[in-house]
Amino acid sequence: MIKKFLDLGSQPLANSYLLKKNLKQKEQTFRLEVGFDKKNYLVSILKKVPKEKMFNKNYPYKSSESITMQKSFKNLAKKIIKKYKPKFVVEIGSNDGAFIKNFNKNSVIGVEPCKNLAQITKKKGYKTYSDYWGLKLANKITKRKKADLIYSANTLSHIENLAEIFESINNALSEKGILIIEDPSLLKCLKNLAYDQFYCEHIYVFSLIALKKVLKEFNLEIFDVENTSTHGGSNRYYIKKNSNSAYKINNRVNIEIKNELKFGLNKFSTFQKFSKKVEKSKIELLRIFSSLNNKKLKIVGYGATAKSCTVLNYCGIGKKDIKYFYDTTSYKVNKYLPGSNILIKKYKKLDHNEIDFVFLGAWNFKKEIFKKEKSFIKNGGRFITHVPYPKII
Ligand code: JHZ
């Protein structure tokens with residue numbers, strides 16, 4: 001049974017940026033509540049939004065927009081090619097091709113339901129299926145030849161039916177094949193108080209102990225895990241079929257399990273404590289905004305992320321607090337954030353003569369952003385963040 005531990009209120013769909021002409025229309029909202037399943041330790045949002053409403057031809061997020069992500073995919077592809085020498089790779093959720101572009105066109109197939117993104121890789125000559133991953137598509141793609149390697153980053157946590165995902169992956173994978181998945185880590189999310197990892201698209205935030213239980217039902221097991229810094233702290237899981245004895249379970253798996261159990265990811269009380277801390281975080285963030293607003297200081301946002309949507313709408317931060325957001329994604333520019341309706345402007349280097357404070361929507365790219373905005377910081381410009389707790393930096 002799934003028990004609710006967190007209520008982030010009424011929320012719009014995170015990636016539904018609005019055109020000016022649509023601002024007067026009522027936005028679609030849903031109740032963002034998060035629960036814990038005692039049986040398999042899975043943490044999931046309770047109300048699921050139909051996938052077609054989120055992943056369609058207007059999907060705004062492009063992996064290639066960030067240098068950090070480009071580097072991460074390039075390094076991983078290099079490592080995979082050297083270590084596993086795969087002849088046939090399938091990527092589930094290939095987005096705009098940031099990962100598959102590191103492979104030979106004949107050896108990789110992308111699956112991407114968002115047509116605008118699939119179009120990008122198709123145009124570059126990469127075979128891409130513009131469809132949702134599932135049993136039918138998996139059988140179609142691997143009818144003649146099974147995949148040596150299936151990769152999926154920040155996608156499986158977005159698909160409700162885990163049973164269908166893992167059954168189809170098991171069907172599509174060769175006997176010695178490997179599945180590598182990468183998603184935000186629940187341990188990191190809780191430790192960082194990053195409650196904005198929860199929004200409509202993030203149906204699950206996985207822990208290793210939960211994934212292990214789910215995978216067992218499909219004769220799959222995790223043989224290695226890497227903690228990565230992407231998206232605020234993720235885990236990259238290396239998974240094989242139970243029958244494949246070519247890989248021994250790396251001690252990193254046992255260490256991660258120990259850490260997760262020590263933190264209490266198997267106990268409901270841990271999540272209740274997290275929820276209390278989230279409430280306090282909201283109060284503190286609002287206190288910071290109100291003290292800066294009282295001094296009439298100009299605050300803008302940086303990175304109109306899906307995560308920002310959760311924070312802004314949960315805390316009730318709006319146009320009165322943040323004048324506008326800067327974002328590098330052309331699709332988001334001149335549109336408005338869902339719910340808070342704050343305008344998104346085309347990114348311009350921060351100027352301390354124009355702006356006093358910057359709310360870090362893309363806190364997960366803090367390093368990359370601080371490097372870019374060195375002169376703003378040097379001249380006294382300051383950032384506001386809510387992770388791991390609300391503060392000015
Ligand atoms: P970023 C999306 O979440 C949605 P978001 C999705 N559900 C998911 O899981 C993750 O991605 C992977 C901008 N930016 O990556 C670009 C700048 O403007 O944190 C992006 O709009 N300047 C699939 O939206 C946003 O910030 C910069 O210098 O929470 C970053 O979005 C940088 C580095 C980014 O994901």
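These legends accompany several close-up views of one predicted model.

**View 1**

**View 1. Polar contacts between side chains and ligand oxygen.**
Lys 307 places an N or O atom of its side chain 2.7 Å from an oxygen atom of the ligand. For Asn 364, the distance from a side-chain N or O atom to a ligand oxygen is 2.9 Å, and for Thr 329 it is 3.2 Å. On its own, the ligand has 730 Å² of accessible area, and the protein covers 97% of that.

**View 2. Helix α9 and the residue that follows.**
Helix α9 runs over residues 268-294, which makes 27 residues. From its first C-alpha to its last, α9 reaches 40 Å, close to the 39 Å expected at 1.5 Å a residue. Which residues of α9 are buried? They are Phe 268, Thr 270, Phe 271, Phe 274, Ser 275, Val 278, Ser 281, Leu 285, Ile 288, Phe 289 and Leu 292. When tracing such a list along a helix, recall that an α-helix has 3.6 residues a turn, so residues three or four places apart point the same way. After α9 comes Lys 296, with a positive phi.

**View 3. Two residues with positive phi, Lys 296 and Asn 95.**
Neither of these residues is glycine, yet phi is positive in both: near 60° for Lys 296 and near 50° for Asn 95. Lys 296 sits in the loop between α9 and β11 (299-302). Asn 95 belongs to the loop between β4 (89-92) and β5 (108-111). Is each of them buried or exposed? Asn 95 counts as buried because its relative accessibility is 8%, whereas Lys 296 counts as exposed because its value is 74%.

**View 4. Cysteines without a disulfide.**
How many disulfides does the structure hold? The count is zero. As a reminder, a disulfide is a covalent bond between the sulfur atoms of two cysteines. The cysteine sulfur closest to that of Cys 189 belongs to Cys 315, and at 15 Å it is too far for a bond. For Cys 309, the closest cysteine sulfur is in Cys 200, and the 7.1 Å between them is also too far for a bond, since a disulfide needs the two sulfur atoms within 2.5 Å. Cys 189 is buried, with a relative accessible area of 1%. Cys 309 counts as buried too, at 1% relative accessibility.

Look for Gln 11 in strand β1, which spans residues 2-12. Gln 11 counts as buried because its relative accessibility is 1%. A polar atom of the Gln 11 side chain lies 3.1 Å from the backbone oxygen of Leu 8.

Pro 388 itself is part of the loop between β15 (382-385) and β16 (391-392).

Phe 206 lies in the loop between α6 (186-191) and α7 (208-216). With 1% relative accessibility, Phe 206 counts as buried. Along the chain, Phe 206 and Ser 66 are 140 residues apart, and their C-alpha atoms are separated by 23 Å. Asn 353 is placed in the loop between β13 (344-346) and β14 (357-360). Asn 353 counts as exposed because its relative accessibility is 65%. Between Asn 353 and Ser 308 there are 25 Å in space, C-alpha to C-alpha, and the two are 45 residues apart in sequence.

Technical notes
Residues numbered from 1 in each chain as written. Predicted model: local features only at pLDDT ≥ 70, side-chain atom pairs only at ≥ 80, totals over all residues. Heavy atoms only, no water. Polar contact = N/O pair within 3.5 Å; in protein donor to acceptor, adjacent residues only side chain to side chain. Areas by Shrake-Rupley, 256 points an atom, 1.4 Å probe, with all protein chains shown as cover. Helix = DSSP H or I, 4+ residues; strand = E, 2+ residues; numbered from the N terminus. Buried < 20%, exposed > 50% of the residue type's maximum accessible area, 1.4 Å probe, protein only. Expected span 1.5 Å × (residues − 1).
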